[in-house]
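Open the model in your viewer and keep the selection panel at hand.

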Amino acid sequence: MAETAARLLEGALDMDATLRAVADAARRALGADRATCYVHSEDGRHMARVFSTEEDPRRLARLTAVEGRRREDVPIWHLMHGEPVVIPDVAASRTLPPVLRAALPPGAILGVWLEHSSVGATDRDAAVLGSLFVSWREPRDITRHDELLARSLAGMASMAVANARLHAATLESLAQAERRAARDPLTDLANHRAFHDRLGDEVARAERHGRALSLVLFDLDRFKAVNDALGHQVGDEVLVAAAQVLEREARDGDLVARVGGEEFAWLMPEADGLDAWQAAERARSAIEQAPMPGVGGITVSAGVCELSRAADAADLYRLADGALYWAKHHGRNVVFHYSPDVVRALSAEDQAVRLRRQQALQSIRMLARAVDAKDSFTSRHSERVAALAARLAERLGWDTEDTDRLREAGLVHDVGKLAISDAILLKAGPLTDDEYRDLKAHAALGSEIVSEVFDPGQVAWVRGHHERWDGRGYPDGLGEGELSDGAAILAMADAWDAMTSARPYRDAGSADDAFAECLRERGAQFAPWAVDALAALRADGALDPAPPPGAEAPSPLT
């Protein structure tokens, strides 16, 4: 017994070895014919394990047959009404029910609970870890010393079971903490760190065994508009829904991770570029068709690259990101497969330039929104002009890239008004000649503000959005043959929004009156083909009047 206790305290024995040692020590110390440790399940409702010194195979089989059974179905359980259980003579016992007495072997029995204060403190069933039973084939007196000895041995057994459960619980807690550290808390996908760890491992494995490996990077299209228009809660719901679609599309052994705000990565071991492209295309289509909470629908762009194109893990990610960039800037809602003949993968310097441009453009957009915010009558004017200009460009057959460039110009076309005094911008009555001259300066000023961010074509569009087809506009008096198409479209969109929006000096005009005015000015103020495109949009029901001041602005997703 002393040896068993010493080895237990030293940690030299695991639970199974400890319980066998305890049973053997109890048999020898008490001069018993058999000692058995019963271990309950963690919830205390079933017999989980049996450790016995019984050597007879048939008797041992009967003892271990209770494993997995409910404790109420095991006769030995019904003895445990007190501590300890002392039955000097089973056959002569008057306290045992006849059915139970018939089920037990003749002789004497001593039984004690296995309990430990560290386990199941709030649940009696769980707190009872099991029991230790010592039996003799012949009746005998069971002394107080026998009871104390059995209690001591049961304490060792209890400690072994408790330690095993606490150790298992600790390992599970550590495993859960590790899983949480590797998971994105919103989508429950692998996070950025876990993805790159796996990416390195998979690249090494693929190179070692000469196997295929592909990577797909996804980016939700115009996701910022979701957050801006509908709030981050809706944005989070969209991210979760998109993540669930990608998880469903992935194969066993693939890894889907959230690697950025609205960016996801899909790592496909043993998939070549064509396989990965086909899988990504299925996922793209599934996301496009999936109902998105609060939004209705959303699209995704993707870039695909296989390891055979890349030098290492970092290069694979860079090339896939280059393909994604190409997809985002050549139509969106498309999957591009990396090819050096088609995709320009961005270098670190390219990425820095792109980021600086995006940051500068965002700052200019904030300035333009500040102009709109000065006056409730022009609130969201720039966004409406940008949206209508883009629809006109699409109707005129512009490609996606140029349409997006025009939309960008439309969003900031009035940024030059920051330099115009509020007394002029908010004046309720007609402007004086001097005031009108100052107001007209905003087009040229705006083009100067955006010149560090926009390309020359976009700068010309911003500068020319008040030019006329007949050459009587400002600031340069450009007309037919000189006026750029982008500036003519912005002029059309700007005038339409002005006519259909309320101003301090007049109410909003009707769409019918505004359209009649556009027809009258066809070939004079407006380019004929721009008016024709407007008419086509109107015929399709795509021209909506601006909302009155204070009304909710239309979602940029629509």
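**Stop 1: a salt bridge to start**

Select Glu521 and Arg468: they form a salt bridge, with the closest N and O atoms 3.6 Å apart. The term salt bridge requires a side-chain nitrogen of Lys or Arg within 4 Å of a carboxyl oxygen of Asp or Glu. This pair links distant parts of the chain, 53 residues apart. Glu521 sits in the loop between helix H19 (511-520) and helix H20 (528-539). Arg468 sits in the loop between helix H17 (456-463) and helix H18 (485-500). Helices (H or I, at least four residues) and strands (E, at least two) are DSSP runs, numbered from the N terminus. Both Glu521 and Arg468 are buried. Buried means under 20% relative accessible area, exposed over 50%, and partly exposed in between, using a 1.4 Å probe and protein chains only.

Two notes before moving on. This is a predicted model, in which local features need pLDDT of at least 70 and side-chain atom pairs count only at pLDDT 80 or more, while totals for chains, interfaces and linings use all residues. Residues are numbered from 1 along each chain as its sequence is written, and side-chain values use heavy atoms, with hydrogens and water left out.

**Stop 2: other charged pairs**

How many salt bridges does a search of the whole structure find? It finds 39. Select Asp33 and Arg137 next. Their closest N and O atoms are 3.6 Å apart, in a salt bridge. This pair also links distant parts of the chain, 104 residues apart. Asp33 lies in the loop between helix H2 (15-29) and strand E1 (34-40). Arg137 lies in the loop between strand E5 (128-136) and helix H6 (144-181). Asp33 is partly exposed, at 34% relative accessible area. Arg137 is partly exposed too, at 45% relative accessibility.

Now pick Arg71 and Glu72. They form a salt bridge with the closest N and O atoms 3.3 Å apart. Arg71 is buried, at 8%. Glu72 is partly exposed, at 38%.

For a network, select Arg198, Glu202, Arg205, Arg211 and Glu270: salt bridges link them.

**Stop 3: the five-stranded sheet**

Show the strands E1 to E5 as a cartoon. They make an open sheet in the order E2-E1-E5-E4-E3, with antiparallel pairing. Two strands pair if DSSP finds at least two bridges between them. Strand E2 (47-52) and strand E3 (85-87) stand at the edges; each has a single partner strand, so one side of each lacks a neighbour in the sheet. From one strand to the next, the twist averages 15°.

Zoom in on strand E4 (residues 108-115). Eight bridges join E4 to E5, and the two run antiparallel. Val112 has Leu132 in E5 as its bridge partner.

H2 lies across E1, E2 and E5, at about 145° to E1. Helix H3 (residues 57-64) lies across E1 and E2, at about 155° to E2. Axes are lines fitted to C-alpha atoms, for helices over the stretch in contact (heavy atoms within 4.5 Å), and angles run from 0 to 180 degrees between N-to-C directions.

**Stop 4: strands E6 and E9**

Select strand E6 (residues 213-220) and strand E9 (residues 300-306). They pair in the antiparallel sense over seven bridges. Eight of the eight residues of E6 are buried. In E9, seven of seven are buried.

Which residues of E9 point one way, and which the other? Val300, Ala302, Val304 and Glu306 point one way; Ser301, Gly303 and Cys305 point the other. In a regular strand the side chains alternate between the two faces of the sheet.

Look along the pairings. Phe218 stands opposite Ala302 in E9. Asp219 has Ser301 in E9 as its bridge partner. Asp219 also stands opposite Glu263 in E8. E6 and strand E8 (residues 263-269) pair antiparallel over seven bridges.

**Stop 5: the cores**

Finish with the nonpolar cores. A nonpolar core is a set of buried Ala, Val, Leu, Ile, Met, Phe, Trp, Tyr and Cys residues joined through side-chain atoms within 4.5 Å. The largest has 37 residues, and Leu392, Phe454, Met492, Trp496 and Leu534 touch the most other members. H18 gives the largest share, nine residues. A second, separate core of 32 residues includes Phe264, Ala280, Ile298 and Val304.
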